[in-house]
Amino acid sequence: MTDCEVLIVGAGITGATLALALADAGVAVTLLDREAVPPLPVPGQPLDVRVSAVHAAAVGLLERLGAWSLLPAGSHAPFGRIEVWDAGSAGRIGFDSTEIGQSWLGYIVENRALIAALHARLHELPAAHVMVPATVDDWQVRADRLTARLDDGRDVTARLLVGADGAASPLRLRAGIAAQTDDFGQCALVCHVATEHPHEDIARQRFLPTGPLAFLPLADGRSSIVWSTTPPEARRLAALPADDFALELAAAFEHRLGTVTAVSERAVIPLRGLQAARYVGPRLALIGDAAHVVHPMAGLGANLGIGDAAALAGVVIAALRSGRDPGLIQTLRPYERARRSQNLPVVQAIRGLYWLFGADAAPLRLLRGAGLLTVDRAGPVKRLLTAAACGQADGAFR
Ligand SMILES: Cc1cc2nc3c(=O)[nH]c(=O)nc-3n(C[C@H](O)[C@H](O)[C@H](O)COP(=O)(O)OP(=O)(O)OC[C@H]3O[C@@H](n4cnc5c(N)ncnc54)[C@H](O)[C@@H]3O)c2cc1C
C-alpha cells in the first residue's frame with residue numbers, strides 16, 4: 001500500500017509538470033503511467049516527429065522547477081517571430097518578440113525530451129514517487145481519502161486523484177464526466193524537413209483552404225512540419241515518395257524557404273477537439289488533454305495543460321499549507337473556475353479561426369484578409385496579441 005497526498009494518472013507533459021510542481025513544494029505525490037518513461041535523448045539521436053511550441057511563460061515555469069536546464073542540446077530551439085498568412089487573400093500578420101522587449105517568444109521542443117527532462121528532475125525529489133508501467137483499474141472515495149486499485153493489485157491511497165491521462169482519459173470516462181467532442185474532419189501530417197533557405201528562428205504558418213500548414217524551426221536547422229488537411233489528403237501525402245512529397249510541400253508553402261531537400265519519416269495524427277463538462281469531481285481533478293483538446297493550429301494544447309498543472313498545484317499547496325483538505329470539491333472549485341475561464345475563450349477563438357480560414361466565400365476571404373492586415377498595423381492590439389503568444393495572458397503563470 002502506497003500512501004500520498006496526490007495520485008496522478010498519466011505522466012505526459014501535463015501530469016509530469018503537476019507532479020514536479022507538487023513534489024518541489026514537498027507534497028507527497030505518486031505519478032503513474034501505463035507506458036515506460038522515455039530516456040533523455042543522447043546527442044546525435046534523430047529528433048522524434050512530435051514537437052510542441054512551448055510559450056515563454058511555460059518555459060519560465062519549467063525553468064523555475066529545474067526541468068528546463070536538463071533538456072539535452074539539440075532538443076529545443078527558440079523562436080523570435082511568428083508569421084501567418086492566408087492562401088485565399090492578401091491577409092498576413094507577424095508577431096515579433098522585440099515588439100514587447102523580449103528576445104524570444106517561446107521554444108520548439110521535442111515532446112519526448114521534455115517528458116524525459118521532467119522525469120529526470122522528479123527523480124531528484126524525495127516527495128515524488130513514480131510507478132511505471134501501471135494503471136488505475138478502479139477507486140473508492142471515502143470521507144477523507146480515496147483508495148485506488150492498480151492493475152497489478154496494489155493499492156494507493158491519496159486525498160486527490162488527478163486524471164492527466166490524455167484525450168481518451170479512462171479516468172474521465174470512469175468518473176462519468178461527459179465531454180463534448182468536435183470532429184475537425186482533419187488529420188495532421190507531421191515530419192521534419194531540411195530546406196534550401198534557413199528558417200531564421202521564425203515559426204511560419206500558411207492557411208490553405210484545406211487547413212493550416214506550419215514550418216516550425218528546429219535546433220538542427222531543419223523545420224518541423226504540421227500539415228493539417230483532410231484525412232484522405234493526409235494519407236495520400238504520407239504515401240508519396242519522399243521526393244514527390246518534398247515538391248508538393250514546398251509548393252504548398254509558396255517556396256518561402258526555397259526547396260525542401262530532405263524528409264524524415266512521416267506520421268498522420270487524427271485531429272479532434274474536446275471539452276469536458278466538468279474539470280473536478282469528488283476527490284478528482286482533470287488536467288491537460290483529459291479536460292480539453294484544441295486544434296494544433298494555435299500551438300496551445302500543451303501550454304494550456306502546463307497552465308492547468310500550475311493552477312492545480314497552486315490550489316493544492318495553498319490548501320495543505322492552511323490545513324484544508326485538497327480533495328474537497330470546495331477546494332477544487334477555484335481551480336475549475338480559473339481554468340475554464342482561461343481555456344474556453346481560447347477553444348472558442350480557435351474554433352472561430354478554423355471556420356473563418358476554412359471559408360471559401362469571397363466576402364469572408366476579403367474580411368479575413370482585411371482583418372489580418374488591420375490587426376498587423378494596429379500597434380497596441382498587436383502588442384497585446386504578442387504578449388498573449390508568450391503566455392502572458394494566462395493567469396496560471398503570474
Ligand atoms: C500535431 C500536433 C501538434 C501539436 N503542437 C502543439 C504545440 O505546438 N504546442 C502546444 O502547446 N501543444 C501542441 N499540441 C498539443 C499537445 O501535444 C497536447 O496538448 C499535449 O501533449 C497533451 O499532454 P497531456 O500530458 O495532457 O496528454 P498526453 O500527451 O496524451 O499524455 C497522457 C499520458 O497518459 C498516459 N495514459 C493514458 N491512459 C492511461 C491509463 N489508463 N493509465 C495510465 N496512464 C495512462 C499515456 O501513456 C500518456 O503518457 C499538438 C498536438 C498535435 C496532435
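Predicted model: local features only at pLDDT ≥ 70, side-chain atom pairs only at ≥ 80, totals over all residues.
Residues are numbered from 1 along each chain as its sequence is written. Local features need pLDDT of at least 70 and side-chain atom pairs pLDDT 80 or more, totals for chains, interfaces and linings use all residues, and side-chain values use heavy atoms, without hydrogens and water.

**Ligand site.** The ligand is surrounded by 29 residues (a heavy atom within 4 Å), and the closest are Asp33, Ala53, Thr135, Asp289 and Ala302. This shell divides into 13 nonpolar, 10 polar and six charged residues. Helix H1 (13-24), strand E4 (51-55), strand E14 (179-195) and helix H7 (301-321) each supply at least two of the shell residues.

| Residue and atom | Ligand atom | Distance |
|---|---|---|
| Arg50, polar side-chain atom | oxygen | 3.4 Å |
| Thr135, side-chain N or O atom | nitrogen | 2.6 Å |
| Asn303, polar backbone atom | oxygen | 3.0 Å |

On its own the ligand has 1,000 Å² of accessible area (Shrake-Rupley, 1.4 Å probe), and the protein covers 86% of that area.

**Cavities.** The structure holds two cavities of 30 Å³ or more (sets of points on a 1 Å grid over the protein atoms alone where a 1.4 Å probe fits but cannot get out; lining residues have an atom within 4 Å of a point).

Methods. Polar contact = N/O pair within 3.5 Å; in protein donor to acceptor, adjacent residues only side chain to side chain. Helix = DSSP H or I, 4+ residues; strand = E, 2+ residues; numbered from the N terminus. Nonpolar A, V, L, I, M, F, W, Y, C, P; charged D, E, K, R; others polar. 1 Å grid on protein atoms, 1.4 Å probe; cavity = no way out; pocket = protein on both sides within 12 Å on 5 of 7 lines; lining within 4 Å. Points joined across faces, edges and corners; volume = space filled by probe spheres on them.
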